[in-house]
Amino acid sequence: MIDLAGTSGSGFGEKYSPSPLALPKAYTASLTLGGDRLYVALAEAGSQIARVFEASVDDRASWQQVGANVVSPSTAIDVGTIGDAVFVASTATPDDVPMLLQHGSVGPGAIVPAPPLPSEPAKPAPAPTPAPKPTPAPAPKPTPKPTPSTPAPAPSAPTPAPKPPSSAKAKPAPKPRATTLTKVKGGRRAITLRWKKQTKSVTGYQIRYSTSRKFTKKTTRTRWVKSAKKTSLTVKKLKAKKTYYVKVRTYKKIGAKYYYSKWSKVKKVKTK
């Protein structure tokens, strides 16, 4: 059930009446305000369905579903308003382009409800199982007279399994050519990186920057460049007068698999 805490009255913690909309457990959600409407986007756990709900700011018990769609198994979902439009996006991996789920003007009934999701066809009722017929008891057979036993033949030597042909060797995984950082420059709360272009067996580049020389998980961030022809990147919104350590490597994407080169040498730069 949708059950949101309000901010009126004596303070936080005051709850509005829950909506009668029964929802499965959501593993990610987003809330935004557009005009006099509240919008919530939910991605359901264990499925590929994203839903959008809206309610009036003055009547929080009026939640109703206004849109739904099938998306890739998402790890992030977000809803927001730009001008008089409502947008909902869902992404799965850093390489996925955010997909527009629904959009419309801000206001009651703004998002056009999506067509109902296909439901599974009703399964036919199983036919009744006929009662088993009683099996007549077999007539007793005469006991045969014992005959002299014949000695069992000696076991033969096992046949060796055929060896696979030498030509059927697994293909080695592609290894993209590594690159190097050619220039690192610090700016006002930003750093600019340049590297050597590599286009042979390369899909793009992966850049990591950190305030730790050891690139600890808590202090490290990763950026992706999806074009092998691009050789520069500017990272903004960093801490002022802070030293950062940076490195770069190439990657090759085949299907859903990624193959990486070794990292370049680490360089350090200080922001202004």
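Predicted model: local features only at pLDDT ≥ 70, side-chain atom pairs only at ≥ 80, totals over all residues.
Trainee: Where in the secondary structure is Lys183 found?

Mentor: Lys183 belongs to strand β8, which covers residues 181-187. The chain has 15 strands and 0 helices.

Trainee: Which residues form the positive surface patch?

Mentor: Lys183, Lys185, Arg194 and Lys272 form the patch.

Trainee: Why does Thr219 count as partly exposed?

Mentor: Its relative accessibility is 26%. Buried would require under 20% and exposed over 50%, so Thr219 falls in between.

Trainee: Where is Thr219, and which residues does Thr219 contact beyond its neighbours within four places in sequence?

Mentor: Thr219 sits in the loop between β10 (204-210) and β11 (220-225). Setting those neighbours aside, its contacts are Tyr209, Ser210, Thr211 and Ser212. Tyr209 is 10 residues away along the chain, with 8.4 Å between the two C-alpha atoms.

Trainee: What makes that pair a contact?

Mentor: Contact means heavy atoms within 4.5 Å. The 8.4 Å refers to C-alpha atoms, whereas the contact definition refers to heavy atoms.

Trainee: How much of the chain is buried?

Mentor: Of the 272 residues, 30% are buried. The chain exposes about 19,400 Å², and carbon and sulfur atoms supply 57% of that area.

Terms used:
Residues numbered from 1 in each chain as written. Heavy atoms only, no water. Patch = residues over 30% accessible without salt bridge, like charges linked within 9 Å, V, L, I, M, F, W, Y side chains within 5 Å. Areas by Shrake-Rupley, 256 points an atom, 1.4 Å probe, with all protein chains shown as cover. Salt bridge = Lys/Arg side-chain N within 4 Å of Asp/Glu carboxyl O. Lys, Arg positive; Asp, Glu negative; His and termini not counted. Charge placed at Lys NZ, Arg CZ, Asp CG, Glu CD. Helix = DSSP H or I, 4+ residues; strand = E, 2+ residues; numbered from the N terminus. Buried < 20%, exposed > 50% of the residue type's maximum accessible area, 1.4 Å probe, protein only.
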